[in-house]
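Here are a few quick notes from my pass through the model. Have a look at the structure first, then read on.

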Amino acid sequence: MTLEIFCPFWGDPDLLFETVDSVRAQRNGDWRLIVIDDCYPDETVAGRFAQIEDERITYVRNEKNLGITENYREAIRRASTPYIAILGCDDLLHPNYVDVVLRTIADAPEADVIQPGVVVIDEHGDRVTPLVDRVKQGLLAPRTDGATAVLTGQEMASSLIRGDWLYWPSLVFRTATLKRIDFREGLPIIQDLALLMDIAFDGGTLAYTPEVAFSYRRHGSSASQKTIMDGRRFRDERAYYRTARGLAKAKGWRQTARVAAIRMMSRLHAVTELPGVIRHGNGAALKSTLAHIFAG
């Protein structure tokens, strides 16, 4: 089965081509790569792709800048295979990535979302283990003896709302599910969690294998960190947790509703960010962070 790998692009061209090289290094060659350039202001990118002699690679440039969410939607509109990945344009596939995700699909053919094992690298490509990733991988991800873990519906929703332990760019999705369930508007900072929760609320299934097949690049000054320092991150999280609690109550999913109401891991995240917000954030950030810690 061919795996379509989309790479929405806006960023460092050199890192993009490291990502492309990691796709080309797959041991399983049954893949197609579609890079969607969202009008990044560097005219050399198209020329560099023109020099790549690999018919499995397609480079397209949008007529106008669409923004992150709409460029994801463009990838989904172009999808033509049963399963797709939507990479970050600076992350790296390990040579076993296609094999791992296809084997996981075979183990759990009902899966709507597949999460392979992930390691974290910094902007220089060095492996790192920040606190957030130690929590994700050590406390939040399902414990497994190496077999595929399968979570469906309420179990999936409760696991993710307790703490989002997935790595969005590493995920493989059932294409029909993404064409049916769209991103929520007004939640650009946590759009990935909201979409995954909507898949769970729809009765969807998540399959997780701990076999490492992906390097997720975590930058020191990421866009997510900037939204913490201006107050948007925790404001949007509180809004979504209220929404998730209401959706869970409507379905009679008491465990999910209770976890969403407590949002313990999200509060603890705010506690760990508080010193940095005090030092570097603005007044809105401090107010938002304190509200996230203490408000009901």
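How much of the chain's accessible surface belongs to carbon and sulfur atoms?

1. Surface. The answer is 51%, out of an accessible surface of about 13600 Å². Keep in mind that this is a predicted model, and the numbers in this note are computed from it.

2. Overall size. The C-alpha trace spans about 55 × 40 × 35 Å along its principal axes. The radius of gyration is 19 Å, and since a compact globule with 296 residues would have one near 19 Å, the chain agrees with that expectation.

3. Of the 296 residues in the chain, 54% are buried, taking buried to mean under 20% relative accessible area.

4. You'll find 13 helices and 10 strands in the chain. Looking at contacts with a separation of 6 or more, 82% of them come from residues 24 or more positions apart.

5. A helix pair to look at. Find helix α10 (residues 232–251) and helix α12 (residues 264–280): their axes come within 11 Å and cross at roughly 170 degrees. Angles over 145 degrees count as roughly antiparallel, so α10 is roughly antiparallel to α12.

6. Who touches whom. On the α10 side, the contact is made by Phe234, Glu237 and Tyr241.

Conventions
Residues numbered from 1 in each chain as written. Predicted model: local features only at pLDDT ≥ 70, side-chain atom pairs only at ≥ 80, totals over all residues. Heavy atoms only, no water. Axes fitted to C-alpha atoms, helices over the stretch in contact; angles between N-to-C directions. Helix = DSSP H or I, 4+ residues; strand = E, 2+ residues; numbered from the N terminus. Parallel < 35°, antiparallel > 145°, perpendicular 65-115°, else oblique. Contact = heavy atoms within 4.5 Å. Rg over C-alpha atoms; globule rule 2.2 N^0.38 Å. Buried < 20%, exposed > 50% of the residue type's maximum accessible area, 1.4 Å probe, protein only. Areas by Shrake-Rupley, 256 points an atom, 1.4 Å probe, with all protein chains shown as cover.
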